[in-house]
Amino acid sequence: MLTVESVSKRFGTTHAVKGVSLTVAKGAMVGIAGHNGAGKSTLLRIVSGVIAPDEGQIVVAGEALAVGSQKQARLRGVRMVHQELSLCPQLTVEESGAIADRRATGLRWRGKSWQRLQQVLDEMFPGHGIGRRQRVAELPVARQQMLECAIAILAGGDGLRLLVLDEPTSALDGDASQSLYEFLHRRAETGLSVIVTTHRLNEMVTHLEHVFVMRDGAVVGDTPCGGGSGARILRLMGGVEAEVEQSAAGAAADHGGSHNQIRIRIAQSYEPTDLTVTAGEVVGLAGLEGHGQREVLAAVFDSAPSGSAKTQYQDIAASGTVAYVSGDRSQRGIFRYWSVRDNASIASLKKLTLRGLLSGRLESDLIDDFRRSLSIVGAPDSPIVSLSGGNQQKVLMARALAADAEILLLDDPTRGVDQMTKADIYRVLKDQASKGVSVVWFSTEIEELQQCDRSFVLREGRIVDVITSERASEAGLIAASFEEIVRSEE
């Protein structure tokens, strides 16, 4: 179905893709793994015709594509779901579908579009909860990601041959991710070829047939998926799996046990009640995506300066300075027209000022420290949008950490971040906790919640259970998410 022949691409002095060659069979589901900045997204954009290679060619179903022709790629049946969502925030769901659905014509074009889009959504994400007249801006990031995936299928129609997915599950919880892969397997059985890039290695090993590994713009190896392939993928990426495991174990260990000051108190009108977050504690917000976790983070953020805030179900009080990492980096995280340096330092200007003026030396020292500790790939003066999505996320982490806040709020902070950088982030958060910082962390990944001292499970906006890192298994979280409200047995 796809042949990539000696493809290379440069951006100025950066050699993003170096002589990559690979093939994808009809009906195959393959993955591309690699660190942030390894060239994965650039390669996928070349395959889908979004950008032109400097050298090499792309062949789809035996026909070479014109260089950098997205229109021709689409005519050959290629569609791509980008890591950074491309939906128009002010359009409704049905209008968004109509843009991609050329069959939606006439006076009732909205209804025709929705009928076909709903069919795809229902098959791809049963119980998705997306309404036809909702504006895209009103949808949580996870549902926007669901919508983007469904629109790609809708746009391809019966002629869809190759689906390219760049981090399609980065904002999805386990159930939604499982539903997506089940859908893709059904379509693959009918001949659809699928390329996936994801930093969730367990997804690759479980759902894909073969994985190509990229490092520094080149394919450095490949492996069939199965037993032991996760360790081989990590080795090919240049990491040591033991280091990742050691970091994960260390992050879940003692988090500043000498600190006992209560920083956050969450009270509701029934059991369990009066849940607290102490200084030096790392706490997770768990449960199915969209059940109030982000609202709790927002309420904690709002309560920090005023002392208290309310959600529909809880009274929340917080004391201390607060920093926040948004889960929607493109809309609520980065300043798109600013450099890496300005994005990272904006929350720390007070400590970077000497005699009323911003000190370039202090700012450079700050940025250099976080570039090393978080392995940020991108020059300080580069535009933030020139970085990969994972590196943009690292800059947002650097901004929050540089603020020296007493409470750190994280909304899916490792979305689109590679395994080794996750290990770096775990170490950084452990270090922050050892200094007395309280960390509240919402994540859709079990691995993330196992880094927390405790996790509060939310269902329909209510806290229904509290689990320790030892109990943070997929089965345990699913059970807590669906069972009736119970008191924690800790």
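This report walks through a pocket, a helix and a strand of the structure above.

The model is predicted, so local features need pLDDT of at least 70 and side-chain atom pairs count only at pLDDT 80 or more, while totals for chains, interfaces and linings use all residues. Residues are numbered from 1 along each chain as its sequence is written, and side-chain values use heavy atoms, with hydrogens and water left out.

The largest pocket holds about 1,200 Å³. Here a pocket is an open set of points on a 1 Å grid over the protein atoms alone, where a 1.4 Å probe fits and protein lies on both sides within 12 Å along at least five of seven lines; lining residues have an atom within 4 Å of a point. A volume is the space filled by probe spheres set on the points, which are joined across faces, edges and corners.

Of the 45 lining residues, Thr-42, Arg-45, Ser-386, Leu-387 and Ser-388 are the closest to the pocket centre. Strand E2 (14-24), helix H1 (40-47), strand E9 (210-215), helix H11 (329-332) and helix H14 (389-402) each give two or more residues to this lining. Helices (H or I, at least four residues) and strands (E, at least two) are DSSP runs, numbered from the N terminus. By class, the lining has 12 nonpolar, 24 polar and 9 charged residues; Asp, Glu, Lys and Arg count as charged, Ala, Val, Leu, Ile, Met, Phe, Trp, Tyr, Cys and Pro as nonpolar, and the others, Gly among them, as polar.

Thr-42 sits in helix H1. With a relative accessible area of 9%, Thr-42 is buried, a word that means under 20% with a 1.4 Å probe and protein chains only. Leaving out residues up to four places away in sequence, Thr-42 touches Lys-9, Phe-11, Ala-16, Val-17 and Ile-51 (contact means heavy atoms within 4.5 Å).

Helix H5 (residues 141-156) is mostly covered, with 14 of its 16 residues buried. Gly-157, whose phi is positive, near 60°, follows H5.

Strand E20 (residues 438-442) is largely enclosed by the rest of the structure, because 5 of its 5 residues are buried. On one side these are Ser-438, Val-440 and Phe-442, and on the other Val-439 and Trp-441. Its pairings follow; two strands pair if DSSP finds at least two bridges between them.

| Strand paired with E20 | Sense | Bridges |
|---|---|---|
| E13 (residues 282-286) | parallel | 4 bridges |
| E19 (residues 407-411) | parallel | 5 bridges |

Within E20, Phe-442 is the bridge partner of Leu-285, and Ser-438 is that of Ile-407.

Notes:
Buried < 20%, exposed > 50% of the residue type's maximum accessible area, 1.4 Å probe, protein only.
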